[in-house]
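Welcome, and please open the structure in your viewer. We will go from stop to stop, with something to select at each one.

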Amino acid sequence: KIIYSDNPEEAKLQKELYTNKYYNESEDAWKKHKNLMKFQTWSKTSLKTWAEKKIAAKTKAEDNYAKVLDFKVPRWVIASAARLGDMYAQFFDAYYNAPVPDMIKEDPELLDIYNDQRDADALQNKDKAITGFQICLEEAKKNQWFNEWSILCEQSLNKLDPKSYSVSSEIRANPKLSKEFVAWPKLDGKILTKEEVAEQEALTGSKGEAKPAKGDKDSGEEE
């Protein structure tokens, strides 16, 4: 079944041309129009259904990766942003690696339409891939946390946009030997000396209660 334009007037003209085999007194012109209608039908049915499923899956994955970013754990943020960028980079590559049907390649006008639509869809994925890789690399630089994910982000950015993103020539330590804190030190309290610690322990009873200081009027002892 051929699907025509959403515009009623344009659809009427398309239908008339499609059903007229000798349109413009040229069978070749009719075949070109027939191929265009087939392409339009495919883009509004099979391609649209496929795209809607992929977009839904990408949106769900993006939401899950975004939740990881909220934890503010450097290595998690770096890995999550890298996976997010890589997901969109793979979709970007898929658009350009997909084989073009002979029917389209043999028709310059139809090929132009196909390329325009492909570029529009592919570039959306490229932009989101760059955003993910940027977050990854910025987090790695901020925390001096370079690993296999940060290397992937750096190389992927260079591949997607070589003019804007160059690969660093800086010599870094083995990316698998990154600094890691089991827990951040608590520095909001006073740091005691050995003498102060000993004095504090001397004032502490066996049950962890502070012993009354000698001569303390509030200690409850009678004078």
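**Stop 1: the disulfide**

Please remember along the way that this is a predicted model. How many disulfides does a search of the whole structure find? The search finds 1 disulfide. Select C136 and C153 and show their side chains: these two cysteines form the disulfide, with sulfur atoms 2.3 Å apart. A disulfide is a covalent bond between the sulfur atoms of two cysteines. Looking along the S-S bond, you will find an angle of 105°, and the link of C136 and C153 is right-handed.

Are the two cysteines buried or exposed? C136 has 0% relative accessibility and therefore counts as buried. C153 is likewise buried, at 0% relative accessibility.

**Stop 2: the whole chain**

Zoom out and switch to a cartoon view. The chain has 8 helices and 0 strands. Following the sequence, you trace the pattern α-α-α-α-α-α-α-α.

Show the surface next. The accessible surface of the chain is about 16700 Å², and carbon and sulfur atoms hold 52% of that surface. Of the 223 residues of the chain, 26% count as buried. Among contacts in the chain with a separation of 6 or more, 58% come from residues 24 or more positions apart.

**Stop 3: colouring by confidence**

Colour the chain by pLDDT. The mean for the chain is 80, and 78% of the residues reach 70 or more. Which element has the lowest mean pLDDT, and which the highest? Helix α8 (residues 194-202) has the lowest mean, 79, while α7 has the highest, 94.

Then select residues 181-185, where the pLDDT is below 50. Beyond near neighbours in sequence, this stretch has 0 contacts in the model. Move on to residues 206-211, another stretch with pLDDT below 50. Here the model has 8 contacts beyond near neighbours in sequence.

**Stop 4: two residues with positive phi**

Most residues other than glycine have a negative phi, and most peptide bonds are trans. With that in mind, select K72, a residue other than glycine whose phi is positive, near 65°. K72 is in the loop between α3 (46-69) and α4 (74-97). With a relative accessible area of 65%, K72 is exposed.

Where is Q144 found? Select Q144 and you will land in the loop between α6 and α7. Its phi is near 50°, again a positive value in a residue other than glycine. Q144 counts as partly exposed, at 49% relative accessibility.

**Stop 5: aromatic rings**

Show the side chains of the aromatic residues. A search of the whole structure finds 5 aromatic pairs. One of them is F39 with Y114: the ring centres are 6.3 Å apart and the planes stand at 65°, so this pair is edge-to-face. F39 is in helix α2 (residues 27-44) and Y114 in helix α6, so the pair ties together parts that are 75 residues apart in sequence. F39 is buried, with a relative accessible area of 8%, and Y114 is buried too, with 10%.

For another pair, select W50 and Y95. The centres of their rings are 6.5 Å apart and the planes are at 80°, so W50 and Y95 are edge-to-face. W50 comes from helix α3 and Y95 from helix α4, so this pair ties together parts 45 residues apart in sequence. Here W50 is partly exposed, with a relative accessible area of 39%, whereas Y95 is buried, with 19%.

F39, W42 and Y114 form one aromatic cluster.

**Stop 6: a charge over a ring**

For the last stop, select K58 and F91. What sits over the ring of F91? The charged end of K58 is there, 4.4 Å from the centre of the ring.

Key:
Residues numbered from 1 in each chain as written. Heavy atoms only, no water. Disulfide = S-S within 2.5 Å. Buried < 20%, exposed > 50% of the residue type's maximum accessible area, 1.4 Å probe, protein only. pLDDT = per-residue confidence, 0-100. Helix = DSSP H or I, 4+ residues; strand = E, 2+ residues; numbered from the N terminus. Contact = heavy atoms within 4.5 Å. Phe/Tyr/Trp six-rings, centres within 6.5 Å; stacked < 30°, edge-to-face > 60°. Lys NZ or Arg CZ within 6 Å of the ring centre and 35° of its normal. Areas by Shrake-Rupley, 256 points an atom, 1.4 Å probe, with all protein chains shown as cover.
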